[in-house]
Structure formats: structure tokens, C-alpha cells
Amino acid sequence: YGDAPVQAYIAAVPAGWRRDVCVRLDAIITKAVPGVKKAVKWNSPFYGKIENSWFLSFHVYTRFVKVAFFNGASLKPLPKGESKQPRVRYCDIHEGELDEAQFEKWVKQSVKFPGEKM
């Protein structure tokens with residue numbers, strides 16, 4: 001729990017565009033949600049407005065960074081990626097595709113909904 005494990009996760013991502021995306025995601029979330037809570041669970045950074053109540057997570061894959069919005073079905077516009085879970089939506093970020101303005105809007109919307117306990 002805390003910022004240090006998240007920063008260690010990001011530092012462990014191979015240098016290049018994927019690490020750059022992780023750095024930007026973390027910076028946008030931290031700026032948009034003052035006092036955001038952070039943790040690394042299941043090898044992924046998690047973000048919440050209160051401890052153990054998370055509104056998003058991301059995970060790094062070879063070809064993209066996958067962001068999970070735990071109440072993403074309530075976001076406007078909807079993130080494109082569907083989930084087996086009805087409330088969860090995903091946003092896959094490929095090289096050169098991070099829309100920072102839209103991501104920040106989704107983050108600000110996400111904190112208004114109850115977080116997921118995990």
C-alpha cells in the first residue's frame with residue numbers, strides 16, 4: 001500500500017513508451033484526485049479515494065497498457081473495452097494513443113462512484 005510500491009512497479013516496466021504511459025497515468029491520477037490512495041495488487045497498480053476501495057487499475061502488456069475502470073459502465077463517453085463484469089470497462093492504450101484529456105475526465109468521473117473492495 002502507498003505510493004512507493006506503485007513507483008517501484010512503474011520503474012520495473014521496461015524503458016520505452018509503456019513506462020512513459022505508466023508515468024503519465026500515475027501523474028494524471030495523482031493530480032486529478034488529491035490524496036489518492038495507491039497500492040499494488042496482483043502485479044497491478046490500484047487507485048482509490050479511500051483505502052481498499054478502488055476506482056481503477058492498470059496493467060502492462062507487450063503491446064498495450066490496459067486500464068480497468070471498475071465503474072466504467074457509468075462513464076461518459078464509455079471506454080471502448082467491454083468486460084464480463086457489467087460495470088467494468090477497459091481502455092487499451094497502444095503506443096502513441098494516450099488521450100490525456102479524456103483519461104483525466106474519466107478519472108474525475110470515476111471517483112464520484114463507490115469504489116470496488118478488493
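Predicted model: local features only at pLDDT ≥ 70, side-chain atom pairs only at ≥ 80, totals over all residues.
Colleague: Which residue in the turn of the hairpin of E1 and E2 has a positive phi?
Modeller: The hairpin formed by E1 and E2 leaves 2 residues between the strands. In that turn, a positive phi of about 50 degrees belongs to tryptophan 42.

Colleague: Which residue takes a positive phi in the hairpin of E2 and E3?
Modeller: E2 also pairs with strand E3 (residues 53-60), in the antiparallel sense and over 4 bridges, and isoleucine 50 has serine 53 as its bridge partner in E3. This hairpin has 2 residues between the strands, and the positive phi, near 65 degrees, is taken by asparagine 52.

Colleague: How many residues of E2 are buried?
Modeller: Strand E2 spans residues 44-50 and is mostly covered. Of its 7 residues, the number that are buried is 5.

Colleague: How are H1 and H2 oriented to each other, roughly parallel or roughly antiparallel?
Modeller: The axes of helix H1 (residues 3-12) and helix H2 (residues 17-32) come within 9 Å and cross at roughly 155 degrees. Angles over 145 degrees count as roughly antiparallel, and therefore the relation of H1 to H2 is roughly antiparallel.

Colleague: How many residues of the contact of H1 with H2 are nonpolar?
Modeller: Asp3, Val6, Gln7, Ile10 and Ala11 in H1 meet Arg19, Cys22, Val23 and Asp26 in H2. Of the residues in this contact, 3 are charged and 1 is polar, while the number that are nonpolar is 5.

How values were computed
Residues numbered from 1 in each chain as written. Heavy atoms only, no water. Axes fitted to C-alpha atoms, helices over the stretch in contact; angles between N-to-C directions. Parallel < 35°, antiparallel > 145°, perpendicular 65-115°, else oblique. Contact = heavy atoms within 4.5 Å. Nonpolar A, V, L, I, M, F, W, Y, C, P; charged D, E, K, R; others polar. Buried < 20%, exposed > 50% of the residue type's maximum accessible area, 1.4 Å probe, protein only. Pairing = 2+ DSSP bridges.
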